[in-house]
Amino acid sequence: MLAYHCPHCGKCWSYPVKKCIFCKSDTREVSETKYTVIGFTKVCVPSSGNERVPYFVYLIEGRNGTKTLLKSFHEYHLGHAIDLAGIGPQAVPAVVVPGNDPALR
Ligand SMILES: [Zn+2]
């Protein structure tokens, strides 16, 4: 999954943000596919666009500390390692939270 990182502010987005919305600096693309499940919720109530239930929404953390959300029909436990290579379309757009990697600060 690509993230867009502002080297000046340390903000990250999972959307293709080419210029930082805070400082107008050019962002750079950061590619990450290996994540770990750090939280999840099981959704049992269908909604528009999410008619098939139950499904899970996972909070996952990349090796560089960035976090994002992933919708899946598979049940994973906390700490489960997920490689998004090949299952990218299941990932739902979300704000990516920068981690503690000095390279992303
Ligand atoms: Zn910035």
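Analyst: What follows takes the labels one by one. The model is predicted.

User: What makes up the secondary structure of the protein, helices or strands?

Analyst: Strands. The protein has 0 helices and 7 strands. From the N terminus on, the elements run β-β-β-β-β-β-β.

User: Why are strand 4 and strand 5 called a pair?

Analyst: Pairing takes at least two bridges. Strand 4 (residues 34-43) and strand 5 (residues 55-62) are joined by 8, so they count as paired. They run antiparallel. One of the bridges links G39 to L59 in strand 5.

User: How do you know that strand 5 also pairs with strand 6?

Analyst: The cut-off is at least two bridges. Strand 5 and strand 6 (residues 67-72) share 6, in the antiparallel sense. Therefore they pair. V57 has K71 in strand 6 as its bridge partner. The hairpin of these strands has 4 residues between them, and G65 takes a positive phi near 95°.

User: Which strands form the open sheet, and in what order?

Analyst: The order is 2-1-3, with antiparallel pairing. Strand 2 (12-13) and strand 3 (28-31) each have a single partner strand, so one side of each is left without a neighbour in the sheet. That puts both at the edges. Strand 1 (residues 2-5) is joined to strand 3 by 4 bridges. Among them, Y4 pairs with E29.

User: What makes a residue count as buried, and what percentage do?

Analyst: A buried residue has 20 or more other C-beta atoms within 10 Å of its own. Of the 105 residues, 16% count as buried.

Key: Residues are numbered from 1 along each chain as its sequence is written. This is a predicted model: local features need pLDDT of at least 70, side-chain atom pairs count only at pLDDT 80 or more; totals for chains, interfaces and linings use all residues. Helices (H or I, at least four residues) and strands (E, at least two) are DSSP runs, numbered from the N terminus. A residue is buried if 20 or more other C-beta atoms lie within 10 Å of its own, exposed if 12 or fewer, and partly exposed in between; C-beta atoms are placed from the backbone.
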